[in-house]
Amino acid sequence: MLLILVDGKKNVEELTRLAAGMGESAQLLEQLEADGFIEALSGGAGARPTGGQAVVAGTDLSKLKSLAARLLLEQLGPLADELSLKIEATRDLSQFVEAMKRAYTVVRDVKGQAAADRFGAEVEAQLPKA
């Protein structure tokens, strides 16, 4: 949820204040930056989402999870069950990305690099453009 507040205009103090109810907002911002989801702007202007990984307001993570689970089933058949459950259980984008990394690896190991690349590209195509 904190990622949605990042717009490139608010500085860290403002984001921290807005996200106070989410827990350790300063640590959450640091984690988003460490994971490559946001980057600090020079001049102290604020933070902005980085390309490709950003999720903007209105993005429906449940649609991404359903798509990924369906594509896994198409690629792996019954072998996809456990991975699909892990993807469906994710609660935020960072958990989803971690589950997708694992799924990509399994598709690559079972079906080959080309199939894994197609799988990743189909899900990535549904991510909003930053």
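# A walk around helix α4

α4 is followed by G77, whose phi is positive, near 60°. What you see is a predicted model, in which local features need pLDDT of at least 70, side-chain atom pairs count only at pLDDT 80 or more, and totals for chains, interfaces and linings use all residues. Residues are numbered from 1 along each chain as its sequence is written, and side-chain values use heavy atoms, with hydrogens and water left out.

The protein has seven helices and two strands; here helices (H or I, at least four residues) and strands (E, at least two) are DSSP runs, numbered from the N terminus. Reading from the N terminus, the order of elements is α-α-α-β-β-α-α-α-α. Of the 130 residues, 36% count as buried, where buried means under 20% relative accessible area, exposed over 50%, and partly exposed in between (1.4 Å probe, protein chains only). The accessible surface comes to about 7,800 Å², and 52% of that surface belongs to carbon and sulfur atoms; these areas come from the Shrake-Rupley method with a 1.4 Å probe, and for residues only the protein chains shown count as cover. Among contacts (heavy atoms within 4.5 Å) with a separation of 6 or more, residues 24 or more positions apart account for 50%.

Now back to α4 itself. This helix has 16 residues and reaches 22 Å from its first C-alpha to its last, close to the 22 Å expected at 1.5 Å a residue; the expected span is 1.5 Å times one less than the number of residues. Which of its residues are buried? They are L61, L64, K65, L67, A68, A69, L71, L72 and L76. These buried residues pack against α5, α6 and α7.

In soluble globular proteins, nonpolar side chains tend to be buried together.

Not counting residues up to four places away in sequence, F119 touches A68, L71, L72, M100, A103, Y104 and V107. R108, in helix α6, is 11 residues from F119 in sequence and 9.4 Å from it in space, C-alpha to C-alpha. R108 is partly exposed, at 32% relative accessibility. Beyond residues up to four places away in sequence, R108 touches Q113 and A116.

Next, the charged side chains. How many salt bridges does the structure hold? There are four, a salt bridge being a side-chain nitrogen of Lys or Arg within 4 Å of a carboxyl oxygen of Asp or Glu. Side chains of opposite charge can pair when their charged atoms come close. E74 is exposed, at 54% relative accessible area, whereas R70 is partly exposed at 43%.

Helix α5 holds K86 and E82, four residues apart and about one turn of the helix, and their side chains form a salt bridge (3.4 Å, N to O). K86 is partly exposed at 49% relative accessibility, and E82 is exposed at 54%. In helix α6, K101 and E98 lie three residues apart, again about one turn, and their side chains meet in a salt bridge (3.3 Å, N to O). K101 is partly exposed, with a relative accessible area of 48%, and E98 is partly exposed at 48% too. An α-helix has 3.6 residues a turn, so residues three or four places apart point the same way.

K65 is buried yet has no salt bridge, and the nearest side chain of opposite charge, E88, is 5.1 Å away. For that label, Lys and Arg count as positive and Asp and Glu as negative, while His and the chain ends are not counted. Leaving aside neighbours within four places in sequence, K65 is in contact with I87, E88, T90 and F96.
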